[in-house]
Amino acid sequence: AAWKGGLRFQVSAALKEGRVTPTELCQRCLSLIKSTKFLNAYITVAEETALKQAEESEKRYRRGQPLGVLDGIPIAVKDNFNTAGIETTCASNMLKGYVSPYNATVVQKLLDQGAVLLGKTNLDEFAMGSGSTDGVFGPVRNPWSYSRQYKEKSVPKSHSEDKDANWVITGGSSGGSAAAVSSFTCFAALGSDTGGSTRNPAAHCGVVGLKPTYGLISRHGLIPLVNSMDVPGILTRCVDDAAVVLGSLAGHDPKDSTTIQDNFNPFELPNLTDISKFSIGIPKEYHAPGLSSEILALWSKAADLFKNAGAKVNEVSLPHTRYSIVCYHVLCTAEVASNMARFDGLEYGHRSDMNKSTESMYAATRREGFNDVVRGRILSGNYFLLKQNYENYFIKAQKVRRLIANDFVKVFRSGVDILLTPTTLSDAVPYMEFIKEDNRTRSTQDDILTQAANMAGLPAINVPTALSERGLPVGLQFIGRSFQEKQLLTVAKWFEKQIKFPMIQLEEVKRHDHGVFQHQKSASFS
Amino acid sequence: LAPWVPVVGLEIHAQISSNSKLFSGSQVQFAAPPNSLVSFFDASLPGTLPVLNRRCVEAAVMTGLALNCSINKKSLFDRKHYFYADLPAGYQITQQRVPIAVNGRLSYSLCIDNKMSQMVTKTVRIKQIQLEQDSGKSLHDDTRSQTLVDLNRAGVGLMEVVMEPDMCCGEEAAAAVRELQLILQTLGSSQAVMAEGKLRVDANVSVHHPGEPYGVRTEVKNINSIRFLAKAVDYEIQRQIEELENGGTILNETRAFDSKLGCTVPMRDKEGKQDYRFMPEPNLPPLILYDAKSLPANMNHQQVVNIDWIHERLPDLPSVKRAKLVEQYGILPEHSFTLLNEDGLTEFFENVVKQTQMKPKKVIGWILNDLLSYLKQHSLTVKESPVSPFLLADLLNLLEKKEISSTAAKQVLAELWKGEGKAPLEIVKEKELELIQDQKELEQICQAVIDGQENEVIMMVLG
């Protein structure tokens, strides 16, 4: 059904009009989660509480008093956000069985709006990784691995080959959330983004992944990786939905001193038809080594699309881009070493049986609780923080970070509104290939196009663009000015409308597909 | 033997007097049931963030101003990392790079001799004041081989006051700390009671020969009172001198003061050569303070801390109070020190002065000699005195009107201590201590005495 825009969206409209009830919606999602269990997208499914929340929502709809657009909408949350009463594990042995007594601010806000929390999604342990393969609950599988589009394009190597062996990764670290949205088990999901952890899996799973400006959304309750770069990320099936979720989350939180004080006004995205007022910048350094020719071509096509529609499209330069990986590595590991110091087994979480002394208990607890990736970063980080190294590594990296941020300032000051870049170097690789390289190497490679935005604190969004030759999603990234999410999302939405990214053709979804999902190009709540 | 120059510096931690902790909303309270005042942040639950307590900032600014410091309009917070059971996050939030106040000075006074008859003023430079978190408490239960951790104190706000090594002995250190204590209590920024752990002092001690560079210093901890501070410092100075004169060396170590034995002993090396891996605290933006000049016009007064506003509202500091007492009442400077040194004594004194015609210069003697020594003998505070200002004033009035002699007054006072509720006049009458004013009556009495002692009189007259 055509909609007139505004903050009322198709599923929301359907709920409001009673064409579907929150309970039905919730049950369908829970059922779909069960039949897509092989994706391993969810660590915890909160079936009971979700159904209760759906019931409450239903009562409100019957009274004609829904809390808002998100009332009754099933959502999923990455398992590094605190959820009261529901296990929060960060996909780590350290927090297996940990039930937090409080909700992260963003979780609370969603619940206050009536959203239905289906469960906690899988990730790389403590959000360290770019594949969602390094958590203790196993890797997440990209739903597109099982899509008709991918299966059609993939050549079976032999008859005896397990048709499952070729499944591809989701990207990471918010792979579970991306997979959940991509496979229709929820309508929106929270991820986190420190170096690209929301945008990367969004690109590989063919969904919208928004990284908001640092300081716009509260991090209270988000278990931190790098406090100075982390942001809660938003994953949805279309740009309008991302704007809705953003509207419900953004704003000052007194519990988070790094959120800005300014009032935030939720906005509706205009249906932009005239893109000619915009100036799009194409940073040449993002033509990075290893960028697939496919994505390069797609990027070029996109630039042409804007040009032909009348926008100013120019090449720009962000000269310090090539230092960003190393800079990120130093600052990230240093903060990780610090943030992980609290995991000593005393107050909560895993505690080793070793009790010869406090020190030995700490050591055993941390060895048992953390995987290699986490321990590796702690060691590196502590090294960089040593008195004799601090100046040469940490301080230097902070200075380089400033230079990287200034690159963006200069470009935006020169009149460019939005930057257009690829999000990833290639489409999703098969898991068997991905694990041939270690986590550090992979992160180094995969973060290159995304983490400068985290260093500079800028908003950025992945918009699914096209399918690769292998039938897998490829996305493009837009980077905007600080706190100019409205402008960023407006341009992203225009682009989304031009390209009409295809819907995933998943057997499991088809079986559940009736009613709400019918007749929609991208089943979203907008 | 060449003379030795002892050098003493102090690191003082004063617990901030506030309702809630430095970075979280849990309550600050002494002697509460274990782990009953612990917020999620204090317990270092993952995902919790620090939120700066405004009152703690104001307390630090007040203290900085009172100690003549420059207040840094921009100061920063850092993480200091080490693993210990009473430090849940594995790091303490402190101010290592740029603290809130720097470059101050504290003046204090000492008696040249023991009789409080000559006072000399000294100054110690204040290097800096920084805001930081207190840790929890660990109780070692050796019989059960376990450590019990109480996090009530974890996260309480502290002001660390660093005094440069300008002092030379235990007496100076004690006097400096005493004065700091009085200042903090006057400001209300800290209750500064050492016995309750609200004021903790670590001493840095070294000795050297004049003209030579400073010697290796030791840090002395576990000092629980001002009296022990003086003892610990003096002991350590002596120990170092003896060690060096015997050809030994001083280790740069931490030593604990053993109050029972009156000596310092090496502390169990709990941290070794620690590298604290300082790092900026990323969850707290720089602390910006304003003054009248820099305050933006439209800024909400509630949102900012204004240094000038605080400055204007500082109460009279002890040194000012003393000077006023001396000027107003004509008492000696030494007297004013004693008055301020005893909690409530100034008030008592002023109350008596108000209610008596006796000159303050005379009243002070009664306060400092009679009242105070009695209180000390019986370990009573001024508040616990059985003799109220009213009663004492009453007594002094009798003396002033020459109705009794000063000897008699002392006798009456001795009776008043019993706290039986009798008025001075009553006691005077009971004990027949009235001074006889009538000349004739006096002559009669004298005559009667002489009459009764004829032989002695004759002997006296004959020489």
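Me: Into which domains is chain A divided?
Reply: In this predicted model, chain A falls into two parts: domain 1 covers 2-155 + 166-274 + 460-517, and domain 2 covers 341-396.

Me: How many residues does each domain of chain A give to the contact?
Reply: Domain 1 of chain A contributes 10 residues and domain 2 of chain A contributes 13 residues. The centres of these domains, taken over C-alpha atoms, are separated by 32 Å.

Me: And what area do domain 1 and domain 2 of chain A bury between them?
Reply: About 1,000 Å², with 70% of it on carbon and sulfur atoms. On the side of domain 1 of chain A, the residues that lose the most area to domain 2 are A:M94, A:E125 and A:M128, which together account for 59% of what that side buries.

Me: What are the classes of the residues on that side of domain 1 of chain A?
Reply: The side of domain 1 of chain A that touches domain 2 has five nonpolar, three polar and two charged residues.

Me: How many salt bridges are counted between the two domains of chain A?
Reply: The count between domain 1 and domain 2 of chain A is zero. Polar contacts are found there, however: five residue pairs, with both residues at pLDDT 80 or more.

Me: Let us turn to the other chain. What does the domain assignment give for chain B?
Reply: For chain B, the assignment gives domain 1 (5-288) and domain 2 (318-431). Their centres, again over C-alpha atoms, lie 38 Å apart.

Me: How many residues are in that contact, and from which domain?
Reply: Nine residues come from domain 1 of chain B and 10 residues from domain 2 of chain B. The two domains bury about 800 Å² between them, of which 56% is on carbon and sulfur atoms.

Me: How many salt bridges does the rule find across the interface of domain 1 and domain 2 of chain B?
Reply: The rule finds one salt bridge across that interface. As for polar contact between the two domains of chain B, the count is two residue pairs, both residues being at pLDDT 80 or more.

Me: Which element gives the largest share of the side of domain 1 of chain B that touches domain 2?
Reply: Helix α2 (residues 170-187) of chain B gives the largest share, five residues. By class, that side of domain 1 of chain B has four nonpolar, three polar and two charged residues.

Me: Back to salt bridges: how many are there over all chains?
Reply: The count over all chains comes to 39 salt bridges. One of these links B:D291 with B:K73, whose closest N and O atoms are 3.1 Å apart.

Me: Where in chain B do B:D291 and B:K73 sit?
Reply: B:D291 is in the loop between β16 (287-288) and α4 (307-312) of chain B, and B:K73 is in the loop between β2 (70-71) and β3 (74-75). The pair links distant parts of the chain, 218 residues apart.

Me: What is the distance between the closest N and O atoms of B:R322 and B:E179?
Reply: B:R322 and B:E179 form a salt bridge in which those atoms are 2.5 Å apart.

Me: Now the chain interface. How many residues of chain A are in contact with chain B?
Reply: 41 residues of chain A are in contact with 30 residues of chain B. Between the two chains the buried area is about 2,700 Å², and carbon and sulfur atoms give 57% of that.

Me: Which three residues supply more of the area that chain A buries than any other three?
Reply: They are A:S257, A:S338 and A:R342, which supply 21% of the area that chain A buries against chain B.

Me: Which elements give two or more residues to the side of chain A that touches chain B?
Reply: They are α10 (324-339), α11 (358-369), α12 (372-385) and α13 (387-413) of chain A. The largest share, five residues, comes from α13(A). The residues of that side of chain A divide into 19 nonpolar, 13 polar and nine charged.

Me: What ipTM and pTM does the model score?
Reply: The model scores ipTM 0.93 and pTM 0.92. For chain B, the mean pLDDT is 92, and 98% of its residues reach 70 or more.

Me: Finally, the backbone. Which residues does a cis peptide bond join?
Reply: A cis peptide bond joins A:G172 and A:S173, with omega about 10°. A:S173 is found in the loop between α5 (148-153) and α6 (175-182) of chain A.

Terms used: Residues numbered from 1 in each chain as written. Chains lettered and ligands numbered in written order. Predicted model: local features only at pLDDT ≥ 70, side-chain atom pairs only at ≥ 80, totals over all residues. Heavy atoms only, no water. Contact = heavy atoms within 4.5 Å. Buried area = accessible area lost by both parts, 1.4 Å probe. Helix = DSSP H or I, 4+ residues; strand = E, 2+ residues; numbered from the N terminus. Nonpolar A, V, L, I, M, F, W, Y, C, P; charged D, E, K, R; others polar. pLDDT = per-residue confidence, 0-100. Domains from an automatic or database assignment. Salt bridge = Lys/Arg side-chain N within 4 Å of Asp/Glu carboxyl O. Polar contact = N/O pair within 3.5 Å; in protein donor to acceptor, adjacent residues only side chain to side chain.
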